[in-house]
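Please have the sequence and the three-dimensional view open side by side. The paragraphs that follow go through the charged pairs, the backbone, the nonpolar cores and the aromatic rings in turn.

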Amino acid sequence: MNGSYLSSLIQRQAATYGDRVALKYRDYATASWMPVSWKQFEHFVLQTARALVALKVGVQENIGVFSQNKPECFYVDFGAFCSRVATVPMYATSSEVQIHYILNDAGIRILFVGEQYQYDIARRVQSIYAGLEQIVVFDKSVKRAEGDTQTLYYDEFLKMGDSSVLTEEVEARRMASSSDDIANILYTSGTTGESKGVMLHHSCYETTIPAHQKTTLYFLGQRCGGEFSTLDTYFRTRLGFLLLEYGCHTLRQSDSARHSENYKRSTPNSNVQRTSFLGKSVFGRVGENRRNKRAAQSIDARCHKNGKGTQHRLPDKR
């Protein structure tokens, strides 16, 4: 296989599933779930990859994503993978001090933000951290600060990726990508000190996806067609990579306070139980008891090591 596995995952799925729904996101203005097909997903991913190249984002450069659980988070992730860029996700509720620390520590100069809260913090940080050169806003309802002519809305950012020359550069980068490339840097909560950046190489995902296969098939009952709810923090979308691999479509919403309402409206057949895609069990049917959760933990519940020697541990059985 040429390139890292995740760098072409969406393209492969688009070729297989075409116009079938890949994900849905909650539109609160219309109180409805908006579908995104695999073909549309692929379009946004490739457009994002080209726009990153247009912004002169270098190979294995870090970019930040400071947002709620939005579909654009997926587009940026996979657009970054296509162009050999590493993403650094940040909790949507992070403080100004925390964001400043991560941006400085990871050397981030381009930051994607979700809504008004994240934009306002990013602007304050930008005033004291000269390294932050570009802010890109997902939500078009965000009001830019007076005199801010530099920040881009996501649709403006995407228009930067229209050139066919950029397509050639993205494909060259994708072909050159490997399992040794860094996919993400995840920062710890910093409970016992300053946050540490945990580097996840593509090899982590390439090892973990097969390792979770038995668990996911136990709950899905089939390879594709399941509907999963990933309704919480951006960090749970690491699990979304696994669901996309199986051709499932996921439900994404940015307001965690509306979980109950959205479960009733969407009636997913499964939901994410735990955040740890790289270790702990994560699946369960909506309404099922802990017995099935323990069953998921027991399936193929063994320690394994990825290509970098990082050990992924499952929780203790109780």
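In this predicted model, the structure holds 9 salt bridges. Side chains of opposite charge can pair when their charged atoms come close. One of the salt bridges joins the side chains of E96 and R124, with 2.9 Å from N to O. This pair links distant parts of the chain, since E96 belongs to helix α4 (residues 96-106) and R124 to helix α5 (residues 116-128), 28 residues apart. E96 is partly exposed, because its relative accessibility is 28%. R124 is partly exposed as well, with a relative accessible area of 42%.

Helix α7 (residues 164-176) contains E169 and R173, 4 residues apart. Their side chains meet in a salt bridge at 3.0 Å, N to O. What separates the two along the helix is about one helical turn, because they are 4 residues apart in α7. The two partners have their own levels of cover: E169 is partly exposed at 34% relative accessibility, whereas R173 is buried, with a relative accessible area of 10%.

R174 also lies in α7, and it forms a salt bridge with E171, the closest N and O atoms being 2.9 Å apart. Here the spacing is 3 residues, so R174 and E171 are again separated by about one helical turn. Is R174 buried or exposed? R174 has 11% relative accessibility, so it counts as buried, the cut-off being under 20%. Elsewhere, E61, R109 and E133 are linked in a network of salt bridges.

Next, the backbone. The secondary structure of the protein comes to 12 helices and 15 strands. Most residues other than glycine have a negative phi. K56 is not a glycine, yet it has a positive phi of about 65°. K56 is placed in the loop between α2 (38-54) and β3 (62-66). With 67% relative accessibility, K56 counts as exposed. R84, also not a glycine, has a positive phi of about 60°. The loop that holds R84 runs between α3 (71-82) and β4 (86-90). Is R84 buried or exposed? R84 is buried, because its relative accessibility is 18% and the limit for buried is under 20%.

Turning to the interior, buried residues make up 53% of the 318 residues in the protein. Of the contacts with a separation of 6 or more, 67% are between residues 24 or more positions apart. The protein exposes about 14200 Å², and carbon and sulfur atoms supply 48% of that area.

The largest nonpolar core has 46 residues, and those with the most contacts inside it are F41, I63, F78, F112, Y154 and F157. Which helix gives the most to this core? It is α3, with 8 residues. Take I63 as one member to follow in the view. Leaving aside neighbours within four places in sequence, I63 is in contact with residues including L52, V57, V76, A80, V88, I108, I110 and F112. Apart from this core lies another, of 24 residues, among them L103, V113, Y153 and I185.

The aromatic rings come next. A pair of aromatic rings is described by the distance of the centres and the angle of the planes. The count comes to 12 aromatic pairs. W38 and F41 form a stacked pair, 6.0 Å centre to centre and with 20° between the planes. They are 3 residues apart in helix α2, so about one helical turn separates them. Both W38 and F41 are buried.

F78 and F81 form an edge-to-face pair, with 5.4 Å centre to centre and 80° between the planes. Both lie in helix α3, 3 residues apart, about one turn of the helix. F78 counts as buried because its relative accessibility is 1%, and F81 is likewise buried at 1%.

Technical notes. Residues numbered from 1 in each chain as written. Predicted model: local features only at pLDDT ≥ 70, side-chain atom pairs only at ≥ 80, totals over all residues. Heavy atoms only, no water. Buried < 20%, exposed > 50% of the residue type's maximum accessible area, 1.4 Å probe, protein only. Contact = heavy atoms within 4.5 Å. Areas by Shrake-Rupley, 256 points an atom, 1.4 Å probe, with all protein chains shown as cover. Salt bridge = Lys/Arg side-chain N within 4 Å of Asp/Glu carboxyl O. Core = buried A, V, L, I, M, F, W, Y, C linked by side-chain atoms within 4.5 Å. Phe/Tyr/Trp six-rings, centres within 6.5 Å; stacked < 30°, edge-to-face > 60°.
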